[in-house]
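I opened this entry to look up two things.

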Amino acid sequence: MSDGPPSVRSQCPYCGVGCGLELLPPAVKGQAVKRDAEGNPMWTARGDRQHPSSLGQVCIKGATVGETLARGRLRQPLFRSSLEDDFAPISWDDALGRITDQIRSSVSRRGNADAIAMYGSGQFHTEDYYLAQKLLKGALGTNNFDANSRLCMSSAVAGYTRSLGSDGPPCCYEDLDHCSVAFLIGTNTAACHPVLFQRLLKRKKRNPGSLKIVVVDPRRTDTAKAADIHLPIAPGSDLALLHGIAHLVLRENGQDATFIDDHTENYDAFFDVAARWTPRRVARFCNIPEKRLREVAALFHRRETVLSLWSMGVNQRREGTAVVGGLINLHLLTGQIGKPGAGPFSLTGQPNAMGGREAGGLSHLLPGYRLVTNTDHRADVEKAWNLPAGRISAKPGLAAWQQVEAMERGELDLWWVAATNPLVSMPDLDRVKAAMGNCPLVVVSEAYADSETSHYAHLLLPAAQWSEKAGAMTNSERRVTYCPAFRRPFGESRPDWDVFAEVGRRLGYAEQFGFESAAEVYAEFTTLTAGRLCDVSGLSHALLNNEGPQQWPFPRGCRPGTEAKRLYCDQHFATPSGRAHFCTEQPLGLAEPPCDTYPLVLTVGRYLGQWHTMTRTGKVERLQSMHPEPLLEIHPGDAQELKLRHGELGAISSRRGHLTATVHVTDRIRRGTVFLPMHWGFTQEKACEANTLMHDQACPVSKQPELKACAVIVAPAVSVVKPMEQEKGRLDGLRRLLTPALR
């Protein structure tokens, strides 16, 4: 496409920071065409200096994304009747016919569509998310749509909603420049949100006295190494820590009494909870020095401008929603919300997880931050979709893990997985594989040919990915960016929204799904946000393309601009009373604590150079060389006791499975805790399915699994554990078919 524009602006398709990218075409005048390992012309990516969120900065993943766009792609629809058969190419007409036939058959046999479920992704554009909701929750009348945000952000969603009345981070990235304290808990920001972390470090280097960084993490990560105070708390003790900080704030009279009286509720009950968590009790529970606890609490009760940042270490917990509530409690207690440099700020994992929530992309949501359980909300959406009253079910649909359990029981006739790879990211992976084998039709919409989940599918649909379809995405600071299509779709791939629309038309909803462009889809979606907290009714593809990224709320008539927009600056919250709510849960600790048989706690996370399940980043040699294999981090004391040697293989076992990994002895992790990266699924040469070991227990409020901790035992590995023969057969069978198509 050397005859195309000199460059294209878009949002990076990796994490929720949502950095702006400027993409240069393969052939720029006077330069040779760059090609990937398969000979495909490569676009070059660099930071977009005009993007207000990232200001020209970009991490190594975003800088190399142009090398991933054509390698290893799924070219055409493929089908097989059973998982033991080989795939065979079929037409799109045949593929969509099989989907609609299965839906009709299931509805006819069961009387409703509750045996149909879809599992989507924060990799979707907002348009994909929106039409998936309209198809399942509207046309079919089942709320069985969930997304990998359930594994990532649902505790943040539930925590914001319980405390403040609605989802939506109150803060923005500009607050990194104004806070006097950055309180990082449950986030390895240096590896997982590196551009934001570098922004903090640059500010601290310019003016060292202006900023204190506090990091709460059992590991001494690169994030923790840069901290003024590092609290290596015991895994599962973070809610006790937050209650202990609150206790000391109250003891030192550091609360904002006026804010509490005028703008909050349930304070007396919260006071009673905090009073029980004395410094001595908290220090013992968290296994940290009492002195360190007091140092951190002093930063809060001195009424510094505190910006709290968190991610998966908080969210992926049995008490994830409670911990989010405990963190927000500190901001309500000190009045640190709705002002520059202060507030509770969740760092989103996926690039469009925020846009997905705005579009209703979880099983209990509807577009515009509405709830399926709310009668008025359902009526609003039914009217907008021109559907009869009562069509949208009042019952929340199956969350991600509940969909797996339903397949186990034989209650799903069709499971449609789109733009995600649950056979790496879900907990208890062997159980998920068995459940998928119990579903009559597993459909996987995927851009790449060799994802782990595709090996357990009946029908593979080639998906047009970011760069090949137009759409909008919303980042962690609520900033919406237009992502244009600047490359032709690969092979026969199609945008997800287009596929969902055609299924809707085939099911008899021609009026509701008569869209001819993503711009039309987005225009309809924005009308459903009017008057809601996440109001984007003033946005359109044209405005975003012409004026650049915009932060919501952006109601109709709003003027474009790049100024920061904070929520709750008027101290009026989205609750029925208009007051923020103090939460009062008591700490529970880990769902699966260590014991004599399994004496260690395994925690999992990410490496800087890889992204989630490596479907895209695994194709970049530069990223692979940064992290050539998964390493088991273990403290020298534990390694000596267990007779483990640095660089040799260790065998890690939990109640659900076992695997091997190379041992990395390091004092950067606390005793009693070990760490594995979650990236390496069974298709990788260095396969290490970390989530095979993790249990399925979840937060009862958010339904988010506790993917951050399980009990394990580690021992020297006698030999390398080879893949199961059945697994190897699946790999070989799919690759025999796909390899010729990729040449």
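**Ground rules.** I am working with a predicted model, where local features need pLDDT of at least 70, side-chain atom pairs count only at pLDDT 80 or more, and totals for chains, interfaces and linings use all residues. Residues are numbered from 1 along each chain as its sequence is written, and side-chain values use heavy atoms, with hydrogens and water left out.

**Helix α3 with α20.** I looked up α3 (residues 126–140) and α20 (residues 496–506), which pack at about 20° with axes 8 Å apart. Helices here are DSSP runs (H or I, at least four residues), numbered from the N terminus. Axes are lines fitted to C-alpha atoms over the stretch in contact, and angles run from 0 to 180 degrees between N-to-C directions. The angle makes α3 roughly parallel to α20; that label covers angles under 35 degrees. The crossing is left-handed, meaning the near helix is turned anticlockwise from the far one by less than a right angle. From α3, I noted Glu127, Asp128, Leu131, Ala132 and Leu135. They meet Asp496, Trp497, Phe500, Ala501, Val503 and Gly504 of α20. Contact means heavy atoms within 4.5 Å. By class, I find 7 nonpolar, 1 polar and 3 charged residues. Ala, Val, Leu, Ile, Met, Phe, Trp, Tyr, Cys and Pro count as nonpolar, Asp, Glu, Lys and Arg as charged, and the others, Gly among them, as polar.

**Helix α3 with α21.** I then checked α21 (residues 518–527), whose axis comes within 9 Å of that of α3 and crosses at roughly 65°. That makes the two roughly perpendicular, a label for 65 to 115 degrees. The crossing of α3 and α21 is left-handed. Thr126, Glu127, Tyr130, Leu131 and Lys134 of α3 touch Ala518, Val521, Tyr522, Glu524 and Phe525 of α21.

**Second largest pocket.** I read a volume of about 660 Å³. A pocket is an open set of points on a 1 Å grid, with protein on both sides within 12 Å along at least five of seven lines; lining residues have an atom within 4 Å of a point. The lining has 33 residues, and Ser363, His364, Leu365, Leu371 and Pro396 lie nearest the centre. α4 gives the most, with 4 residues.

**Second largest cavity.** A cavity is a set of grid points where a 1.4 Å probe fits but cannot get out. I noted about 90 Å³ of space in this one. Its lining includes Cys12, Cys15, Cys19, Cys59 and Cys192.

Conventions. Parallel < 35°, antiparallel > 145°, perpendicular 65-115°, else oblique. Points joined across faces, edges and corners; volume = space filled by probe spheres on them.
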